[in-house]
Structures are given as structure tokens and as C-alpha cells.
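The following exercises concern the fold of one protein chain. Please work through each task before reading its solution.

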Amino acid sequence: MAAVAWGRCLPRVWLRRRAGPGCGRHYRAALCAELKQPLAIEEVASRPVRPHEVRVDVHFCGVNFADILVCRGQYQEKPQLPFTPGMEFSGTVLETGTDVSTVKEGDRVIGVSGFNGMAEECIIDHKTLWQIPEGVPLREAATLPVSYVTAILALEHRACTRPGETVLVTAAAGATGLAVIDVATNVLQAKVIAAAGSDEKCRLAMRKGAQSIVNYSQGSLKEAVRKLVGSDGVNVVIDAVGGDVFLEALHSLAWEGRIVVVGFAGGTIASVPANLLLLKNVSAMGLYWGRYKEQNFPIFSRILSSALQYCQQGCIQPHIGAVFKLEEVNDAFLHVIQRKSTGKLWQRLRKICYVASEEK
């Protein structure tokens, strides 16, 4: 039904003007005016920056699965209509408020916004901006806040993954899945089993560094993992699918293994059989990326800074999937809904591109 809603015979985009009184400067933005309906592109009036804020000329913005969910009214956060989606972006500073000393005009930055990044301009609190190191392209930098921070939080902070351990990652060809493979293999020196829903996606995961692959559309994930590692099981699971895939991954854990839930791309939330936790002394834990920004910002900021450093050092190589223009935002959403995406998708508008999301 979701694919049908975005795939109706409607114009690719609607363009309207929303001029505020006395405002001469405008920029384009994607707008969700009604839930479960295609987005419109509007010209909106710029507003003044407050003392603690920064105006950014947005070059690249991510299209994450959460953006689709929030536009359906199915996400944990529910912005008031109308709103502009977009959680992560990169760009250059246009203007700073009077109290801002951390960045200046012309600086290249990445930002973490509360669903307002899909626009040519974004006004944001200076505390949620990070300077991009020299040598890191704006496009690659924009992939880091959601996918790579999630991967590092899951692997390092939650699962405490150690060198030489075996990590099983589901939805391995999605943006977070590929980031988990990248970080686990190239930063933590772990061994990765990548599980995805097609041979093509499995091959991509192998090219990105996974040591072994499993196509769980062709049979039991649990049995496939057993053939690869024996009865001992895997040390860590990073699961973005949920449902039966989560349960089979849970059964695949070794003694004192850890499974981290990062999403439910399969659409089903499984119940945890507590006896399995007891018998193998395993740990099941969750990771809600957005709560760290609110509840433990120092950890969030440190890990995002680490991701930028890894990128500058060449330790990680973000995967770019496809490119869309801003006016093709609904096509980008449909691309994700139909599970055609791998890694991050980009949309281009002026200098702007958008990135995409999680899938099975």
C-alpha cells in the first residue's frame, strides 16, 4: 500500500510559492503537508537566525527510512504538519547568530536536524553542527550522522565488539548494514557475516568487506550461519530487519553473545524468548539513534567526530547508491519502499543531493 501511495499517477512534484510578509529571499524545500501523500516542493521565505543558530547552504541531505516513516505518521517522532523531512545533511555556513563562535561563514559542516534538512537552506542550532575535516568530500560526510553513528554505537558502545570476533549483520546492503560491515571490518578488525535478501545485495556486501554472505530469502538464516561457523555461533548480531530474521539471528548467537536491534525493516517486531537469553547467557539490547542525541549528547558527538576522523584517515569508505534531484524526492522514497536501494541514495537539487536508507 505504501508503494501504491507514492506511485500514483500524480505529478512528480508540486511547486508552490509560500511568501511570508516582507520577505524577499526564498529557497526551495520538500514539504509534507499531508501524511501518506507525495511531498511537494515549495519556495519558502527565509527567516532571521537567532543568536545560537546557524544558516547552512545545504549541499547533500540523507533520505533515511525514518523520513518515509515520519511522512506516514509511523515514526516515534511526529512533527506538526506541515514539515520538511531530512535528518542529516552537509553544506557550507552562510550566516551565524551573534552567540555562535564554533563555526564561521564558509565553513564546511555536517548537521543533525530534527526533520528539516531537505531544503536548499537549513537553520540549525550550532551545537548540532560538526566541521568537516580537510579531504573529506561533502557527499561522503553527509552519510555519517545516521548510518555510521548507528554502526559505531551498535558495535562499539552497545555490543563492545572486540578484534577477531564474528559479527552477523542483517539488511546488509542497506545504508546502516554497509556501514556496520565497513566499521566492523576496517576499524574493529572483526569478521563479518553479511545477510541480505538477494544474491545481488549479498555480492555488494562481500565487495564492501564481508568475509561470508547469506541470502536469507533462500532458506533458514540460522542453518546457513551454522554451516559457516559451526555450533559455537556468532559473537555479535546487528539486526535491522526484525521478525523471523531477528529470531533466527538470536538463535545463532554464541555463549555470551550480544544482539543489538537497530530497526524493523521487515515490518514485524518480534518478541524475545527470554529462555534463550538465560541458556546462553546472551544479551539483547536496543539502539535508538535519536535518543543519544537527546539523552547522551557527549557520546553522540564523540562518535560522530570519530566517524569523521575515520573517513579522513581512509579507514571507512561510505557507499553511494543512486542520485536523485530534489524534485524527484517522491521517486527516491518509492525507490526505497520498493527495496531497490543499496547503501545511500542521493538526490540532487542545485547543489543538493539526498541519501537513502534501510531495507531487507
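A contact means heavy atoms within 4.5 Å. The model is predicted, so local features need pLDDT of at least 70 and side-chain atom pairs count only at pLDDT 80 or more, while totals for chains, interfaces and linings use all residues. Residues are numbered from 1 along each chain as its sequence is written, and side-chain values use heavy atoms, with hydrogens and water left out.

**Exercise 1. Characterise the chain as a whole.**

Step 1. Among contacts with a separation of 6 or more in the protein chain, 70% join residues 24 or more positions apart.

Step 2. Secondary structure is taken from DSSP runs, numbered from the N terminus: helices are H or I with at least four residues, strands are E with at least two. The protein chain holds 12 helices and 17 strands.

Step 3. Buried means under 20% relative accessible area, exposed over 50%, and partly exposed in between (1.4 Å probe, protein chains only). By this criterion, 57% of the 360 residues are buried.

Step 4. The Shrake-Rupley method with a 1.4 Å probe supplies the accessible areas; for residues, only the protein chains shown count as cover. The accessible surface of the protein chain is about 15200 Å², and carbon and sulfur atoms hold 50% of this area.

**Exercise 2. Which residues touch the most other members of the largest nonpolar core?**

Step 1. A nonpolar core is a set of buried Ala, Val, Leu, Ile, Met, Phe, Trp, Tyr and Cys residues joined through side-chain atoms within 4.5 Å.

Step 2. The largest such core has 85 residues, and Ile 181, Val 183 and Ile 238 touch the most other members. Helix H4 (residues 144-158) contributes the most to this core, with 9 residues.

Step 3. Setting aside residues up to four places away in sequence, the contacts of Ile 238 include Ala 154, Leu 155, Val 260 and Val 262.

**Exercise 3. Describe how H4 packs against helix H11 (residues 297-313).**

Step 1. Two packed helices are described by the angle between their axes and the distance between the axes.

Step 2. Axes are lines fitted to C-alpha atoms, for helices over the stretch in contact, and angles run from 0 to 180 degrees between N-to-C directions. The axes of H4 and H11 come within 9 Å and cross at roughly 105°.

Step 3. Angles under 35 degrees count as roughly parallel, over 145 as roughly antiparallel, 65 to 115 as roughly perpendicular and the rest as oblique. H4 and H11 are therefore roughly perpendicular.

Step 4. The residues that meet include Tyr 148 and Ile 152 from H4, and Phe 300 and Leu 304 from H11.

**Exercise 4. In which sense do strand E4 (residues 53-62) and E7 pair?**

Step 1. E4 and E7 pair in the antiparallel sense over 5 bridges, and Arg 55 stands opposite Ile 123 in E7.

Step 2. Strand E7 (residues 121-125) has 4 of its 5 residues buried.

Methods
Two strands pair if DSSP finds at least two bridges between them.
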